[in-house]
Amino acid sequence: MKQDKTLIRTIADFPKPGIQFKDITPLLKNPQGIKDCIELMLPDAHTAVDCVVGIESRGFIMGPLLAQALNCAFVPIRKKGKLPHQTLEQSYDLEYGSATIEIHLDSIKPGDCVLLHDDVLATGGTAAAAIKLIEALGGKVVLCSFIIELVGLKGRDLIQDYPIKFAYQF
């Protein structure tokens with residue numbers, strides 16, 4: 001399947017000078033583009049998935065669609081202070097700062113097979129932090145999926161032990 005890279009718009013100097021932000025809103029306006037993107041990020045038929053874990057905020061867009069396609073649960077990972085129940089947290093560095101993410105303690109059961117999803121794989125810090133949370137709860141990450149991989153930032157290096165799928169590479 002050929003990806004239509006015109007569905008990803010580059011915004012220079014956002015959110016700060018030197019950043020080439022990849023904007024997915026043109027993709028979101030294109031139903032066929034969304035369908036193709038989901039198909040590219042789904043695991044192989046033999047890979048069992050108990051839940052899709054999506055990272056705030058743009059992981060909440062395609063994450064539930066992936067979960068629906070797989071007929072499984074969707075679990076959010078959110079920024080610190082946004083989840084109302086008991087949480088586990090993990091801090092990490094990202095390409096232009098640092099952050100802390102959290103997951104509900106009761107969201108993943110030991111042995112659950114998890115598809116981790118986010119919009120962009122950049123430096124890999126967010127994905128690596130999410131993997132730590134999932135594994136701390138006893139989950140097993142069977143696939144990491146991303147709408148976009150920014151190859152030059154080498155995010156794969158931090159999550160190299162996990163299978164990765166993406167719809168677009170830049």
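Colleague: How many salt bridges does a search of the whole structure find?

Modeller: The model is predicted, and side-chain atom pairs count only at pLDDT 80 or more. With that limit in place, the search of the whole structure gives a salt bridge count of 7.

Colleague: How many residues apart are Lys 165 and Asp 44, which meet in a salt bridge?

Modeller: The side chains of Lys 165 and Asp 44 pair at 3.5 Å, N to O. Lys 165 belongs to strand S9 (residues 164-169), while Asp 44 sits in the loop between helix H2 (31-41) and strand S3 (51-55). The bridge thus links distant parts of the chain, and the separation is 121 residues.

Colleague: Is Asp 44 buried, partly exposed or exposed?

Modeller: Buried requires under 20% relative accessible area and exposed requires over 50%. Asp 44 has 41%, so the residue falls between those limits.

Colleague: In the salt bridge between Arg 78 and Glu 56, which residue is buried?

Modeller: The closest N and O atoms of Arg 78 and Glu 56 are 3.0 Å apart. Arg 78 is in strand S4 (residues 73-79), and Glu 56 is in the loop between S3 and helix H3 (59-70), 22 residues apart. Arg 78 has 23% relative accessibility and counts as partly exposed. With a relative accessible area of 17%, the buried residue is Glu 56.

Colleague: Which residue meets Lys 80 in a salt bridge?

Modeller: Lys 80 is partly exposed, with a relative accessible area of 48%. Its partner in the bridge, at 2.7 Å from N to O, also counts as partly exposed, at 39% relative accessibility. That partner is Glu 89.

Colleague: Why does Glu 102 have no salt bridge?

Modeller: Glu 102 lies in strand S6 (residues 97-104) and is buried. A salt bridge needs a side-chain nitrogen of Lys or Arg within 4 Å of a carboxyl oxygen.

Colleague: Which residue has its backbone nitrogen 3.0 Å from a polar atom of the Glu 102 side chain?

Modeller: Leaving aside neighbours within four places in sequence, Glu 102 is in contact with residues including Lys 80, Gly 81, Lys 82, Glu 89 and Leu 133. Among these contacts, the residue whose backbone nitrogen lies at 3.0 Å is Gly 81.

Colleague: How many disulfides does the structure hold?

Modeller: A disulfide requires two cysteine sulfur atoms within 2.5 Å. The structure holds 0 disulfides. For Cys 51, which is buried at 3% relative accessible area, the nearest cysteine sulfur is that of Cys 72, 6.6 Å away. For Cys 113, the nearest is that of Cys 51 at 8.9 Å, and the disulfide count is 0.

Colleague: Is Cys 113 buried or exposed?

Modeller: The limit for buried is under 20% relative accessible area. Cys 113 has 17% relative accessibility, so the residue counts as buried.

Colleague: Which helix holds Ala 67, and which residues does Ala 67 touch?

Modeller: Ala 67 is buried, with a relative accessible area of 2%. Its C-alpha atom is 8.9 Å from that of Val 49, 18 residues apart along the chain. The helix is H3. Not counting residues up to four places away in sequence, Ala 67 touches Val 52, Cys 72, Ala 73 and Phe 74.

Note on methods. Residues numbered from 1 in each chain as written. Predicted model: local features only at pLDDT ≥ 70, side-chain atom pairs only at ≥ 80, totals over all residues. Heavy atoms only, no water. Helix = DSSP H or I, 4+ residues; strand = E, 2+ residues; numbered from the N terminus. Buried < 20%, exposed > 50% of the residue type's maximum accessible area, 1.4 Å probe, protein only. Lys, Arg positive; Asp, Glu negative; His and termini not counted. Polar contact = N/O pair within 3.5 Å; in protein donor to acceptor, adjacent residues only side chain to side chain. Contact = heavy atoms within 4.5 Å.
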